[in-house]
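Please open the structure in your viewer and get your selection tool ready. We will walk through it one stop at a time.

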Amino acid sequence: MYEVDAERRTVRYRSRRGDFAVEMPLDPMHGTVGVAPAAAEARMTITPDAHGGNMDTPELRAGVTVYLGVNVPGALFAIGDGHCRQGHGEVCGTAVEAAMNTVVAVELIKGVATPWPRLEDDRHIMSTGSARPLEDAYRISQHDLVTWTAALTGLDELDAYQLVSQGGEAPVGNVCDTNYTMVAKLPKAYLGDPDVYGSAHARLRALGEEYLSTR
């Protein structure tokens with residue numbers, strides 16, 4: 001059990017044996033974010049794949065935009081698995097699990113392909129990949145980031161490959177589910193601050209700030 005102090009924005013870890021305790025910052029995120037998979041397939045939400053699902057990446061927190069390809073009419077967006085915080089990998093199989101009231105803003109962007117869930121924050125673009133073994137998830141995320149980088153900059157894909165190789169990061173999502181998740185992350189400053197998905201992140205961030213100002 002973790003003690004959550006919403007006002008101080010902390011969670012307190014206590015050892016079950018002994019007197020050790022430490023406070024960690026509250027960093028809320030949802031482990032599961034996605035849409036319905038393609039081809040009328042039914043999937044348990046615990047299995048992440050190209051449609052999203054239980055990716056369990058702490059990179060997908062408040063203030064981050066996630067891009068998901070639409071596979072069925074209406075998309076059937078779903079969100080859940082609330083976490084007060086979680087380390088990369090969700091190594092023991094659980095985060096600091098909690099019920100959450102969450103407000104999300106959704107925008108439909110027509111005429112673009114999104115082969116795997118992609119993320120954007122104020123400073124980075126990120127691609128995800130989910131598979132087993134873990135190196136396949138890593139390979140998928142890196143490949144998507146390379147091709148996305150090439151599309152955003154006009155670089156040849158081998159040049160984009162070199163740029164991602166030297167400037168990228170690779171945070172791990174979950175390593176405890178039926179598929180594992182890796183994230184490939186690159187600073188937008190290395191790309192000349194490109195126009196990503198028609199500046200959707202900037203619009204949604206402004207909308208979020210407007211909403212928070214009325215709370």
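The tour below goes from a sheet to a pair of cores.

**Before you start.** This is a predicted model, in which local features need pLDDT of at least 70, side-chain atom pairs count only at pLDDT 80 or more, and totals for chains, interfaces and linings use all residues. Residues are numbered from 1 along each chain as its sequence is written, and side-chain values use heavy atoms, with hydrogens and water left out.

Stop 1: Select residues 3-5, strand E1, and residues 21-25, strand E3. Strands here are DSSP runs of E with at least two residues, and helices are runs of H or I with at least four, numbered from the N terminus. The three strands form an open sheet in the order E1-E2-E3, with antiparallel pairing; two strands pair if DSSP finds at least two bridges between them. E1 and E3 stand at the edges with a single partner strand each, so one side of each has no neighbour in the sheet. To see one of them, pick Val11, whose bridge partner in E3 is Met24.

**Stop 2: strand E9.** Now select residues 124-131, strand E9. Are its residues buried or exposed? Eight of the eight are buried, where buried means under 20% relative accessible area, exposed over 50% and partly exposed in between (1.4 Å probe, protein chains only). In a regular strand, side chains alternate between the two faces of the sheet. On one side of E9 you will find His124, Met126, Thr128 and Ser130, and on the other Ile125, Ser127, Gly129 and Ala131.

**Stop 3: the partners of E9.** Select residues 118-120, strand E8, which pairs with E9 in the antiparallel sense over three bridges. Arg118 stands opposite Ser127, and three residues lie between the two strands of this hairpin. Ser130 has Thr181 of E10 as its bridge partner.

**Stop 4: the cores.** A nonpolar core is a set of buried Ala, Val, Leu, Ile, Met, Phe, Trp, Tyr and Cys residues joined through side-chain atoms within 4.5 Å. In the largest one, of 14 residues, select Ile125, Leu145, Trp148, Leu186, Val196 and Tyr197, which touch the most other members. Helix H1 (134-153), helix H2 (157-167) and strand E10 (180-187) each give two or more residues to this core, and H1 gives the most, with four. Finish with a second, separate core of 10 residues, including Val35, Leu68, Leu119 and Val183.
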